Amino acid sequence: MSGYKICIIGLGYVGLPLARLFSTKYHTIGYDTNTQRISEIQSGYDANMELSQSIILDAIDSHKLECTSNINDIRSCNIYIVTVPTPTNIDNTPNLNPLFKASETVGQVISKGDIVIYESTVYPGVTEEECIPIIERISGLKYNIDFFAGYSPERINPGDKEHTVEKIRKITSGSTPEIADIIDNLYNSVLENGTHKAPSIKIAEGAKIIENAQRDVNIAFMNEVAKIFNAMGIDTKDVLDAASSKWNFIRMYPGLVGGHCISIDPYYLIEKAKLYGIMPHILQSARKLNDNMGTYVAKQTIECMNKKGILIKDAKILILGITFKKNCPDIRNTKVVDIYYTLNEYTNNITIYDPWASRDIVLKEYNIEICSTLATDIRYDAIIHAVAHDTFSNINLKSLLSDNAVVYDVCSTLPRDIVDARL
């Protein structure tokens, strides 16, 4: 195993931590076409805030992790691990272009006997039916004769400092029984909690896609019951506390579903199901419900303001947080922007404060100006607690409220005595 030279293609939320981990045991090269990203990593900076400067520099200095955007630097590798994003198009259909481009890169450098492993989330069949033919066409090599493949889906949870990559139990699979064993042993050599070896690549792909689809459906159910209980004037959290006293009740929480996994991956399974003549009603309903929760929160806030006689067109509104989850700079597919856009139809007096998010990236992606510092001399007529960043717990919300103001707690973590409504 020590003779393996590993290349990680794509150094984002998944790729960089994985490259760092493999570098502790193997000669590892991280490859990314984003030259700025490469320069930042080489200086010890991770814009995603998954790895600290000391950890990155230790990997580079002590473990000889290399990072490059030059394809010639990875030609000598014999294990290629693809960790690029798998987004959706504007119509929510799968966008496999990043995966196809990464496969083209592999095709240019792969040699006889090499192994390519995909970690990107896909529907069953993508690896062998869509990616491998690209490698074959460009390299001139034959699958399972000249080169081999595997699939080991990523399970990175952005912002989670407890379930880090080395502690995650990973699924592995290979294109032949022998390759499956090699890949399984490879991952086991760096993981603390081992692996689950799936019988085939397609089964591994299917397992990954339903991990996130299941969470999407469960959260959609909680969002639906939250709407019901809110209409009835019943506190949803109190209901969940009571129901959780039963030993087999599965506790989930309502909330905004964004990010690059739960809000995206189900569309891949939906699209594949349709090709087989299956109409995935539950998955589609869950996606529609969760996608509309930002608008729902905004309308609930407006309703609370109306009940208190607050004119929204003259009101000052503060939204706390814009990232898709707490303690993380990731703004991909965040549903907080739907809260903003809905409120913005009535007023321009909206402030978004988020010390985690990049002002430049938010402006570029959503055309929204945010604040990295919070002015304490302004009194707001409505505050929406949209993201439960730990830093927000230090804010004295009462000091920011005007008389008769509204507080809407999306996260259900604020003291009840200052909250008018929550999910």
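Helices (DSSP runs of H or I, at least four residues) and strands (E, at least two) are numbered from the N terminus. The structure is a predicted model, in which local features need pLDDT of at least 70, side-chain atom pairs count only at pLDDT 80 or more, and totals for chains, interfaces and linings use all residues. Residues are numbered from 1 along each chain as its sequence is written, and side-chain values use heavy atoms, with hydrogens and water left out.

**View A. Met 49 in the loop between α2 and α3.** Met 49 sits in the loop that lies between α2 (35–42) and α3 (53–61). With a relative accessible area of 39%, Met 49 is partly exposed (buried is under 20%, exposed over 50% and partly exposed in between, with a 1.4 Å probe and protein chains only). Leaving out residues up to four places away in sequence, Met 49 touches Lys 161, Pro 329 and Trp 356 (contact means heavy atoms within 4.5 Å). Lys 307 is 258 residues from Met 49 along the chain, and their C-alpha atoms are 41 Å apart.

**View B. Pro 17 in helix α1.** Pro 17 belongs to helix α1 (residues 15–23). Its relative accessible area is 8%, so Pro 17 is buried. Beyond neighbours within four places in sequence, Pro 17 is in contact with Gly 12, Glu 50, Leu 51 and Val 165.

**View C. The crossing of α4 and α5.** The axes of helix α4 (residues 97–109) and helix α5 (residues 126–139) come within 8 Å and cross at roughly 40°. Axes are lines fitted to C-alpha atoms, for helices over the stretch in contact, and angles run from 0 to 180 degrees between N-to-C directions. The two helices are therefore oblique to each other (under 35 degrees is roughly parallel, over 145 roughly antiparallel, 65 to 115 roughly perpendicular, the rest oblique). Residues making the contact include Leu 99 and Phe 100 of α4 and Ile 134 and Ile 138 of α5.

**View D. Val 82 and the largest nonpolar core.** A nonpolar core is a set of buried Ala, Val, Leu, Ile, Met, Phe, Trp, Tyr and Cys residues joined through side-chain atoms within 4.5 Å. The largest has 41 residues, of which Ile 74, Tyr 80, Val 82, Leu 99, Val 116 and Tyr 118 touch the most other members. Not counting residues up to four places away in sequence, the contacts of Val 82 include Ile 9, Leu 99, Ala 102 and Val 106.
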